Amino acid sequence: MRNFKPLAFTLLATLSFSGCSPSTPSGNSSNAVKNYTGELTKSEYDALSNEQKYQVANKLYGTMFKGIPVDEFFDISNGMGGSLALKSGTNLLSDTKSALAGDLIQQVVNENDLIITDPDDDNNNSLFSINFNDAEGDWPKHLPLSRIYQYPLSKDTLDNWIAYVLANTILFSPAEEIDSASIRDVQKVFDKLREDLRANKTVSQIISRHQRSQENWRRFRSPEDNTREMIEIYLGLFDRDDDVPRAAIACKNLYLTDQDADYELISNGFANTEPQYVLDTFVTTCGDFYDVVANHPLVMPRITTSIVEYFFFRKTGEERAEIVQAILSDSPTTFQDIFVSILFSKEYLLNNERPKSVEETFYSLAHQMDWRPYRDVLEDMTSDNDDLSLKQMGWPVMSLKLGRFTGVPLDSLSFANYHKAVREQLILGSSGGSSCSDEDSNNNARCRWSTGMGLNESDEDLTGPLDDDATDQAIIIRQYEIDRMSKLADRAERVTDLSLDDFIDFVFLTGLQRRASTIEKEDLKAYYFDLTNNGNNSGDYLIEGDDETLEIREGRHDEMAQVAFDYMTRLPEFYYFLKAN
Amino acid sequence: MKRRKFIKSMGALGATLAAPSVFNNGSFIKKVSAAGVVQDANLIVPTVLPQVINVFLYGGPSELSANLTNITDIDANSQNPYTAVRNDILTQMDVNDPGADGQITPNGFWKDAGGLAMEDMLASDDLSVYRTINRRKANTRAHRNSILSSQKSNLDIELSGGVGTTLASVLFANKAQLDGSALLNGRQLEEMILPFVSFEGESSGFAVDSSTGSVNLPLQMRGISLDTGFDNPYARNSGIGNEAVIEALVDKISPATNSRFQKVADGFTNRKNLQTRIAGLKTNNDDPTLLPLIADVNDPDRDATSGRLVYPDNNRYTSRVKAAVTLAMQNPDTMYITVGGGLGGWDDHDNSIEKYEDRMTQLMTVLRVAAKHIRLGTRNDINGSPLATDNIVINVHGDFGRNVNLNGSMGWDHGNNQNLFTIGGAGIRPAGALGKVVGKTERFGDAKQNRQFTRPTSDSYEVEPMSIGSTVYSYFGVQNPEVLTADVGMNPSGDSKIDETVAGEPTLF
């Protein structure tokens, strides 16, 4: 058993409860906000309809596994009619970019870490159940996913997300699937990437460091394998087979021990001493070779190409080449340069249409709904067989030797699992529901978003005093819940006041970032009315208001929304980031 | 830790001076060549509909399991000797006492790397082994290039379709010949049930053909992916809404955008079609009484209690191979099935021998059961008449073979020459196609250096990996499979089918 008391103590020791909210971006903008070629300009953004702006916003946020609820982006206090007035949507691009350049102050980081994890297993109802005591468990996968979910938009979040994306590509996958790698390698690869990104290390520095690591050797396990793959992966050269044996000679002193000796990277002490001609220069040691690769002029084009393929996999080769050239024209040096350049580009935000990954769909909708996770959700995502298993969707986490394939798997089996997971685990709940305050249940999905969307109130009692011996973590979580419920109560006032038509639009904007079409609205209203008219108590959704218009019966908003969401998850567009035009 | 022998470097070799460019990455080059000229394939409708199961061993397995004919030379020149790990690997086995020392079987297989199961399949005429699948055109030792060119049987790895896609394209382009034919039991091509199936999720065997002039296949003719346990995620749990009402609204709205969101729209259509179909397959897959009875009480694959064939438990390949064979047996419409696994399984760069032996033994044991399942199993066609099973072929191959030198990590790095294991299908092959080992090899490369391979001897039969696809096409009646494997830039002549009439090698003892 590992003792994580010191971790909790360290986190708490730095806290002062001075009113700093964990959910508020509290950046100190120590990083310069850069401008990039091909960015979507403020005037181009302003020229979009407000509905399009919301699509763009949730493509930008959704790509980073975030999302913006409708009533935070728009002012809905006067209903949903006409062109909705913007709230946070007014200066979306500049506000978001500034947030991504700002570091969270340590207190906010510490508080959020205590909200999402329960390192001492004190039953404090942290958002996620992450079992640090299970040495073989998947917590190294859960921790980054939980931080991306909970941290406010900031450079911290950006760095975590970039590290997660990179560790799932061919560039840095820990290859947990192969017998010489383990969850410890996942932990090391991700953590070192994150630390390097936090320190704004350059792409070359990160590659240089990673190549030499035991984690890299557990993936590519002999001098020839390792050097071949470095040339292919980081330089994109698949036709330099003649270089490989010479590069392998430079690394001939290194080897991986066997399973009984725990796959350790060892030098036999007989380093190469004869210069080898590799990649058009001479290298003698393995370190020389790694330096040549990391500082090769093809590194940035290759890395940029790989990342562009990840985000623009439906574009043609020529179109991707143009995007790569535009990014390279800014002479990027860091991964952040490449990712942020893509995220804010007009080409991505307005002209790119592609299927969303499972994480993009799940996380972005969860945020748009203010969905309260059930505590084991991340364990289910990273499991082999659960209904929410990303592996079952052909999208395992930091596992594949050559990384996730370019493009989201949409074969019939992978997509069936994807659709089923989103519909049944996020929208419906696996079997109809239990108490909304049951933090461990995956049955009560509707409770988890209906409170978040302001459709009904939580049955959680936050008014009673905490125990005298309540930990500081319990106090932080209580305050977090109180703040959240206060926000949701305000939202509930606005949402439950909406007319039937406006409510349907509100739900559609949440799920699809567009209003319901006339046909959709009329058919859904007819269905709601039919249930009411037939006296079906379980579906008695509508009542006649004072002015003889149909209004939503109190307490029925969530069921009506569930029917609408069930419909939306059956539409192909639900699974895509759309072009704005 | 295993004993290692460290050999001093031999120093620098020649130089390569080609200036690389990121844009020579194939994904940026749109070739104008049409990779699959289906019209020129010249299809003559066969009398029997073949069913092919393609088992792809990702990572690239060593060829040694089926080829110890050069092992003495290999061991003498390897940086690390094989005998340090398997001290009887240079010794012939005692056929009267298989448990005794000695790894070389009569046909030159590696006894403890599936060799005994291979010998059994060879003796029962269920198997042939081609030892010289040797890449000379656009030779590469990169995984991606090798996987794609093998799964597509084409060197245009970016644009050409997978073998399954190309096969579907040929058939669809010849729809007029096929529709209503006896081969399809009088049905239309699109009425075939699950004709193309992947048990490996999104498979490059069913990659879309993006080359100029490619056939636009209907959804029914594209690859469907199924779970190896025939689990049914296609069925939805009910929600609180009325299913019919919600689906009716979907049917009103969704078609307008289906072409825009094609892949997901196809996913929904497949979901609907599969949700009721899977249950029957699962029942059959799980029912041991549907497996054939085995008369020989000494048969190692016979269940002692039921007397029936039994797939081995605790075997990592059982579920996928059994699922593929069950599907082929139960559904004669299924024409091409891909089976694979996670990459890395056969990428044996370190500490390889014991793990490789275990893996190969498991694989070959399951394949032996599969071969019996096909040979002894019975089934009926859609009219209820008995239907032969000798149209079912299993092909087993991988990215490439491996070096034969045991490297400093006691593994094998990427090589070239590899084996094709081909099983069953006596009814669609020429006479004498089964029960033999084809191809002779020799060790090649400098002693005590890593780059040592087997390669075909100058008098040996050999083919390119693309010939495996050509052979599959030919089973379906394609007369000119070369055009389907051709590429204007790298392989203008394409590759012919394997000559299955070539004589096999004599036994070693």
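Helices here are DSSP runs of H or I with at least four residues, strands are runs of E with at least two, and both are numbered from the N terminus. This is a predicted model, in which local features need pLDDT of at least 70 and side-chain atom pairs count only at pLDDT 80 or more, while totals for chains, interfaces and linings use all residues. Residues are numbered from 1 along each chain as its sequence is written, with chains lettered from A and ligands numbered from 1 in the order in which they are written.

**View 1. Chain A as a whole.** Chain A has 26 helices and twelve strands. Its radius of gyration (over C-alpha atoms) is 25 Å, close to the 25 Å from the globule rule (2.2 Å times the number of residues to the power 0.38) for 581 residues, so chain A is as compact as a globular protein of that length. The C-alpha trace spans about 95 × 60 × 45 Å along its principal axes.

**View 2. The side of chain A that touches chain B.** Here 78 residues of chain A are in contact (C-beta atoms, placed from the backbone, within 7 Å) with 69 residues of chain B. Helix α21 (residues 412-428) gives the most to this side of chain A, eleven residues.

**View 3. M560(A) and its surroundings.** M560(A) sits in helix α26 (residues 557-568). It counts as buried (20 or more other C-beta atoms within 10 Å, again placed from the backbone) because it has 26 such neighbours. Beyond four places in sequence, M560(A) is in contact with Y528(A), Y541(A) and I552(A). K525(A) is 35 residues away along the chain, with 9.7 Å between its C-alpha atom and that of M560(A).

Notes. Two residues are in contact if their C-beta atoms, placed from the backbone, lie within 7 Å. A residue is buried if 20 or more other C-beta atoms lie within 10 Å of its own, exposed if 12 or fewer, and partly exposed in between; C-beta atoms are placed from the backbone.
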